[in-house]
Amino acid sequence: MAGGLIFPSVAGKPLWDATLSKLLWEQGIPAVPHGFRSSFRDWCGETGQPREVAEACLADAVKGKVEAAYARSDLLNRRRILMRAWADYLSEDA
């Protein structure tokens with residue numbers, strides 16, 4: 001899904017944070033959207049996932065100018081593997 005949105009709004013744009021918050025509240029789910037990102041990042045750190053791949057999955061910008069100048073790969077294959085591992089972790093029987 002190159003460049004597309006997984007959950008677009010009716011207008012075809014990204015959903016607002018408030019929209020996701022409202023959905024969670026209406027469903028009785030005691031969570032906030034940022035918590036999903038935080039949980040993923042914590043899991044990556046705890047399971048030894050490469051920092052650069054985890055940050056790319058979160059679509060966070062590379063912080064340093066020098067590092068950003070040399071970070072030209074989108075790490076797509078490595079992100080795909082990491083997100084598959086995350087999905088497997090989430091779907092494990094507890």
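The model is predicted, so local features need pLDDT of at least 70 and side-chain atom pairs count only at pLDDT 80 or more, while totals for chains, interfaces and linings use all residues. Residues are numbered from 1 along each chain as its sequence is written, and side-chain values use heavy atoms, with hydrogens and water left out.

## Overall make-up

Let us begin with the whole chain. The protein has five helices and zero strands, and its pattern along the sequence reads α-α-α-α-α. Helices (H or I, at least four residues) and strands (E, at least two) are DSSP runs, numbered from the N terminus. Of the 94 residues in the protein, 13% are buried. Here buried means under 20% relative accessible area, exposed means over 50%, and partly exposed lies in between (1.4 Å probe, protein chains only).

The protein exposes about 7,800 Å², and carbon and sulfur atoms supply 59% of that area; accessible areas come from the Shrake-Rupley method with a 1.4 Å probe, and for residues only the protein chains shown count as cover. Among contacts between residues at least 6 apart in sequence, 36% join residues at least 24 apart, where contact means heavy atoms within 4.5 Å.

Which residues of H2 are buried? They are Pro33, Phe40, Trp43 and Cys44. Seen down the axis of H2, these buried residues fall within an arc of 105°, so they line one face of the helix; the arc is that of the directions from the helix axis to the C-beta atoms. The face of H2 turned away from its buried side carries the exposed residues His34, Gly45 and Glu46. Helix H1 (17–26), helix H3 (51–57) and H5 are included in what covers the buried residues of H2. After H2 comes Gly48, whose phi is positive, near 75°.

## Ring pairs

The structure holds five aromatic pairs. Rings of Phe, Tyr and Trp (its six-membered ring) pair if their centres lie within 6.5 Å; planes under 30 degrees apart count as stacked, over 60 as edge-to-face and the rest as tilted. One of the pairs joins Phe40 and Trp86: the ring centres are 5.3 Å apart and the planes stand at 75°, so the pair is edge-to-face. Phe40 lies in helix H2 (residues 33–46) and Trp86 in helix H5 (residues 76–90), so the pair ties together parts that are 46 residues apart in sequence. Phe40 counts as buried at 5% relative accessibility, and Trp86 is buried too, with a relative accessible area of 13%. Ring pairs also link Phe40, Trp43, Trp86 and Tyr89 into a cluster.

## Salt bridges

The structure holds four salt bridges, each defined as a side-chain nitrogen of Lys or Arg within 4 Å of a carboxyl oxygen of Asp or Glu. The table includes three of them.

| Salt bridge | N to O distance |
|---|---|
| Arg41 and Glu55 | 2.6 Å |
| Glu52 and Arg78 | 3.3 Å |
| Arg84 and Asp88 | 3.2 Å |

Arg41 forms its salt bridge with Glu55. Arg41 lies in helix H2 and Glu55 in helix H3, so this pair ties together parts that are 14 residues apart in sequence. Arg41 counts as partly exposed at 23% relative accessibility, whereas Glu55 is buried at 17%.

The side chains of Glu52 and Arg78 also meet in a salt bridge. This pair links distant parts of the chain, with Glu52 in helix H3 and Arg78 in helix H5, 26 residues apart. Glu52 is partly exposed at 37% relative accessibility, and Arg78 is partly exposed at 38%.

Within helix H5, Arg84 and Asp88 are four residues apart, and about one helical turn separates them. Asp88 counts as partly exposed, with 38% relative accessibility.

## Before H1

Finally, Leu15 is found in the segment before H1 and is partly exposed at 30% relative accessibility. Not counting residues up to four places away in sequence, Leu15 touches Phe7, Pro8, Ser9 and Leu20. The C-alpha atoms of Leu15 and Leu5, 10 residues apart along the chain, are 9.4 Å from each other.
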